[in-house]
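Here is a short briefing to read alongside the structure. Shall we start with a strand and its neighbours, then turn to where the chains meet?

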Amino acid sequence: MTDIFDIVLLTLKIALTGVAVTLPIAIILAYILAKGNFAGKSLLSALIMLPLVMPPVVTGLILLETFGPNGFLGRFFAIFGVEFGFRWTGAALAAGLVALPLIVRPIRQGFEAVDPDLEEALEISGLGRWRRFILLDLPIALPGILAGIILGFTKALGEFGATITFVASIPGETQTISLAIYSFLQQANASQMVLVLASLSIGLSIFAVVISEYLTQKISDSLRGKRGAENVA
Amino acid sequence: MSPNTPFIPEQSLILKNIIFKRNDFTINIPSFSLPLGVTALVGSSGCGKTTILRLIAGLERPNSGSIAIDKKIVTDIEKNIFIPAQKRNIGYVFQTPRLLAHLNVMANIALKPSHSNAQKQHQEEIIERLGITRLLNKATGGLSGGEAQRVALARALITKPRILLMDEPLSAIDPKGKDELLEFFAQILPKLKVPIIYVTHSLEEAGRLAKDFAMMSDGKIINTGDAPSVLSHRHGERGDGIASVLSGKIIKKENDGLVTIAIGKQEVQIFGQDLEIGSNVSLHLWARDIILAKKTPKDISARNSLSGIISEIIELQNGLVEVRVMIESEPDNLVSAIVMARTIKEMQLISARPITLLFKSAAVQKINDIGNLLL
């Protein structure tokens with residue numbers, strides 16, 4: 001059973017790290033796509049969506065060529081002591097990249113839902129872009145950010161193709177639940193492990209979605225102000 | 001400032017050669033300067049009032065021209081100067097309050113943290129003067145329309161703006177709240193030490209709040225000055241839209257609705273149920289509704305006759321003449337009448353001669369009632 005516990009822990013570590021590193025980048029990209037009006041906006045949007053439509057094995061291959069031990073970015077990060085090739089960090093990178101489009105989309109919709117009239121009112125009140133972002137855009141986009149985190153996290157939990165191509169399936173290092181299920185499927189007399197891991201995988205996903213629904217509802221209520229509560233009172 | 005600075009304005013706001021085009025609509029303001037105090041910018045819907053405010057605020061960029069606020073140039077297209085809205089230090093109250101629903105009232109007012117004691121004191125002063133202390137911890141969703149606009153006004157004043165722009169702030173409020181807020185504005189606005197442009201299409205609001213008027217039509221400011229002068233010398237499309245404004249005091253009210261108004265030592269009778277004895281009233285008279293007589297005739301249905309002195313005779317187009325008559329030797333009480341040019345000859349009318357003006361009660365309207373007629 002320790003094996004299973006370690007696999008789950010490693011999976012959570014990889015998925016959480018992947019989403020945590022991707023999130024700030026996703027917020028910036030979503031903000032630029034929602035508010036910006038520039039040449040190449042469609043191209044940027046398509047580029048971000050690419051990991052969603054590209055075969056995962058190709059995504060893994062690109063990662064291997066760029067972030068791998070011989071890739072230029074791989075060598076660059078190695079200077080700072082960060083290595084991706086066949087390491088859990090590489091699995092987190094693959095998970096984060098594959099999750100990126102799923103995180104960006106709801107956050108972008110959140111930023112697009114910000115009432116331009118309110119933005120104008122804050123602008124006139126002397127608030128610069130950063131303050132407007134903190135006071136208005138971020139709170140309004142919060143349900144979208146949350147949805148993005150959950151979607152990205154569940155995607156990262158189940159990531160398979162890019163991960164196995166980029167960092168292989170090394171027990172204790174890169175072998176997440178999905179990779180472990182695949183690995184146990186190849187072995188004889190391991191059907192019970194497969195069943196347990198598959199159930200855990202389903203359980204984690206359901207848990208994440210339920211939490212997401214609950215938090216989204218809470219945030220939406222507080223964004224609408226307490227008008228509803230006062231009317232009832 | 002460099003020697004080739006286009007102009008160094010003395011007034012709080014100056015617009016020069018502003019042209020702004022959007023689709024088929026054009027704003028064209030060759031020159032406009034704002035006096036101190038409250039100025040009402042009046043005109044019908046869609047004539048460009050809001051756009052002018054947006055141009056001043058920096059929310060729109062004109063195609064050409066320049067805008068200076070408090071001696072500082074904020075827009076000068078020719079010199080490629082356009083200071084962004086957030087750096088113009090302008091107070092703006094919109095048609096709707098535009099408050100953030102996820103923040104309480106206090107957080108909506110104090111959007112920027114106030115560091116110095118002077119700032120905190122100013123903030124407290126504004127909150128107290130606007131009577132919103134008890135609302136500070138409330139959610140904005142729980143405010144009435146009038147309360148929300150007070151909060152919006154507080155937000156606009158907290159930054160000590162160099163100019164305050166108010167864009168029909170009563171238009172989205174229920175009638176009861178509207179009366180209260182109008183009363184409140186009438187008390188507070190003149191006391192604010194900031195020049196104010198108050199946009200409205202209601203002459204009642206404008207008359208209550210502002211001393212100075214600027215009238216807009218079809219993207220242009222067609223007249224500026226005090227209320228009587230703006231309202232009295234409007235030229236209608238046919239060139240005969242000349243009117244006059246008389247000020248008087250209500251002295252008598254009869255059961256059938258006939259109200260007697262004293263204009264100096266003379267009297268005018270009009271119909272009006274909602275007028276109170278002792279209150280001052282401004283009356284609007286179209287020049288084409290007035291008959292001139294050398295002697296006051298008897299047995300005539302027109303209830304009103306005012307005697308005065310001809311101060312000026314001005315030739316108009318199409319064989320018409322405007323005769324301006326001063327009532328009670330009071331230069332402010334000028335009434336214009338329009339007659340045929342040949343009438344002047346036949347009646348031998350010349351300046352400084354006494355004359356009698358005749359008109360029906362029905363031809364007189366209170367300024368408050370004429371919003372639809374004029375705009």
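B:Thr39 has B:Asp212 as its bridge partner in strand E10 of chain B. This is a predicted model, in which local features need pLDDT of at least 70, side-chain atom pairs count only at pLDDT 80 or more, and totals for chains, interfaces and linings use all residues. Residues are numbered from 1 along each chain as its sequence is written, while chains are lettered from A and ligands numbered from 1 in the order in which they are written.

**Strand E3 of chain B and its partners**
- E3(B) covers residues 38-42; strands (E, at least two residues) and helices (H or I, at least four) are DSSP runs, numbered from the N terminus.
- Strand E10(B), residues 212-217, runs parallel to E3(B) and is joined to it by 4 bridges; strands pair if DSSP finds at least two bridges between them.
- Strand E9(B), residues 196-200, is also parallel to E3(B), with 5 bridges, and there B:Thr200 stands opposite B:Val42.

**Burial of E3(B)**
- In E3(B), 5 of 5 residues are buried, that is, with 20 or more other C-beta atoms within 10 Å of their own, C-beta atoms being placed from the backbone.
- B:Thr39 and B:Leu41 point one way, and B:Val38, B:Ala40 and B:Val42 the other.

**Where chains A and B touch**
- Chain A gives 21 residues to the contact and chain B gives 20; residues are in contact if their C-beta atoms, placed from the backbone, lie within 7 Å.
- On the chain A side, H6(A) supplies the largest share, 7 residues.

Methods: Contact = placed C-beta atoms within 7 Å. Buried ≥ 20, exposed ≤ 12 C-beta atoms within 10 Å, placed from the backbone.
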